[in-house]
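This briefing walks through one protein model, topic by topic. Keep the sequence and the 3D view open while reading.

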Amino acid sequence: MRQKLVAGNWKLNGSKASIESLMGGILAGLEGMDNVAVAVCPPYVYIPMAQTLVAGSRIGLGSQDIADQDAGAFTGEVSGAMLKEFGCDYAIVGHSERRAIYGEQDADTARKFAAARKHGLKPILCVGETLEEREAGITEAVVARQLDAVIALEGVEALTDGVIAYEPVWAIGTGKTASPQQAQDVHAFIRGKLATLNAAVAAKVQILYGGSVKGANAAELFAMPDIDGGLIGGASLDANEFLAICKAGN
Ligand code: PEP
């Protein structure tokens, strides 16, 4: 049985005060939910504060991105070693906003996946198609291409050091959730593709769904056989919503 993971991606949101209050609510509400794994991914600058807030709890800490380099003249970047020093367990790589807004390519994402692994962080590898790609019937080809870039660089076994998040771009922040069956179909495709390379990896790797998950739809998504939790954007900024999602994964 794969454990469910619920990870909150706070994106470019928060302040010292709002994060203190959000984390207070999450920490109090998680009491007794011992089965689900939970993580939060604050903006870089709030990671040290979040590290203090989650200390002694079972909430994991993650970054929203990571440099593909270790050190040097890379203005604005944050390395895996730095993230590790501030208690990070996870690093999101290849989020669709990085790909679409900042031009991140599959090869860049693969190097970031490698950098996270190298520093003992679990990469949360985001894959997913745009609406145009879905309508053109190339969802599986797009997701396969995104996965193949990582497999080519790191090998398929490396995927069990991380987590995959299937996030259809048309469902992110739009309020349009993929139906449980739509999500399950792509998750099953991903697991099936991995099974052709390594059955043990396919059975073990956690595949999260992301895209407008809320307290009200999490349970039906998480009930699907190949959905192992969620990567949560908007709803992770509200303690009660986030806790309802965690409960669905518990
Ligand atoms: C995300 O950005 O990873 C995400 C899933 O966002 P939302 O939950 O807001 O759709």
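With 27 C-beta neighbours inside 10 Å, H95 counts as buried; a residue is buried if 20 or more other C-beta atoms lie within 10 Å of its own, exposed if 12 or fewer, and partly exposed in between, with C-beta atoms placed from the backbone. The model is predicted: local features need pLDDT of at least 70, side-chain atom pairs count only at pLDDT 80 or more, and totals for chains, interfaces and linings use all residues. Residues are numbered from 1 along each chain as its sequence is written.

**The annotated active site**

- An unreviewed UniProt entry gives H95 and E167 the annotation "active site". UniProt positions follow the numbering used here, feature names are shortened, and annotations may be inferred rather than shown by experiment.
- These residues span 73 residues in sequence, yet no two of their C-alpha atoms are more than 8.5 Å apart, so they gather at one spot.
- H95 sits in the loop between β4 (90-93) and α4 (96-101). Helices (H or I, at least four residues) and strands (E, at least two) are DSSP runs, numbered from the N terminus.
- Not counting residues up to four places away in sequence, H95 touches Q64 and C126. Two residues are in contact if their C-beta atoms, placed from the backbone, lie within 7 Å.
- E167 belongs to the loop between β6 (163-166) and α8 (180-197).
- E167 is buried, because 28 other C-beta atoms lie within 10 Å.
- Leaving aside neighbours within four places in sequence, the contacts of E167 are S96, C126, G128, I172, G210, G211 and L231.

**The binding site and the ligand**

- For "binding site", the unreviewed UniProt entry lists N9, W10, K11, G173, S212, G233 and G234.
- These positions are spread over 226 residues of sequence but cluster in space, with a largest C-alpha distance of 13.9 Å.
- K11 lies in the loop between β1 (5-9) and α1 (16-29). It is partly exposed, with 17 C-beta neighbours inside 10 Å.
- Leaving aside neighbours within four places in sequence, K11 is in contact with Q64 and G233.
- G233 is in the loop between β8 (229-232) and α11 (239-249). With 22 C-beta neighbours inside 10 Å, G233 counts as buried.
- Not counting residues up to four places away in sequence, G233 touches N9, K11, I172 and G173.
- Of the 13 residues around the ligand, I172, G173, G210, G233 and G234 come nearest. A residue is near a molecule or strand if its C-beta atom, placed from the backbone, lies within 6 Å of it.
- The shell around the ligand divides into 5 nonpolar, 7 polar and 1 charged residues. Ala, Val, Leu, Ile, Met, Phe, Trp, Tyr, Cys and Pro count as nonpolar, Asp, Glu, Lys and Arg as charged, and the others, Gly among them, as polar.

**The nonpolar core**

- In soluble globular proteins, nonpolar side chains tend to be buried together.
- The largest nonpolar core here has 75 residues, and those with the most contacts inside it are A7, A39, I124 and I164. Such a core is a set of buried Ala, Val, Leu, Ile, Met, Phe, Trp, Tyr and Cys residues joined through C-beta atoms within 7 Å.
- Not counting residues up to four places away in sequence, A7 touches A39, C41, G62, Y90, I124, L208, L231 and I232.

**Helix α5**

- Helix α5 (residues 106-118) has 13 residues; at 1.5 Å a residue they should span 18 Å, and the end C-alpha atoms are 18 Å apart, which agrees. The expected span is 1.5 Å times one less than the number of residues.
- The buried residues of α5 are T109, A110, K112, F113, A115, A116 and R117.
- The cover over these buried residues includes α3 (80-85), β4, β5 (122-127) and α7 (139-154).
- After α5 comes G120, whose phi is positive, near 75 degrees.

- A239 is in helix α11. A239 is partly exposed, with 18 other C-beta atoms within 10 Å.
- A239 and L22 are 217 residues apart along the chain, while their C-alpha atoms are separated by 5.6 Å.
- S236 lies in the loop between β8 and α11, and S236 is buried, with 26 other C-beta atoms within 10 Å.
- Leaving aside neighbours within four places in sequence, S236 is in contact with G8, N9, W10 and F242.
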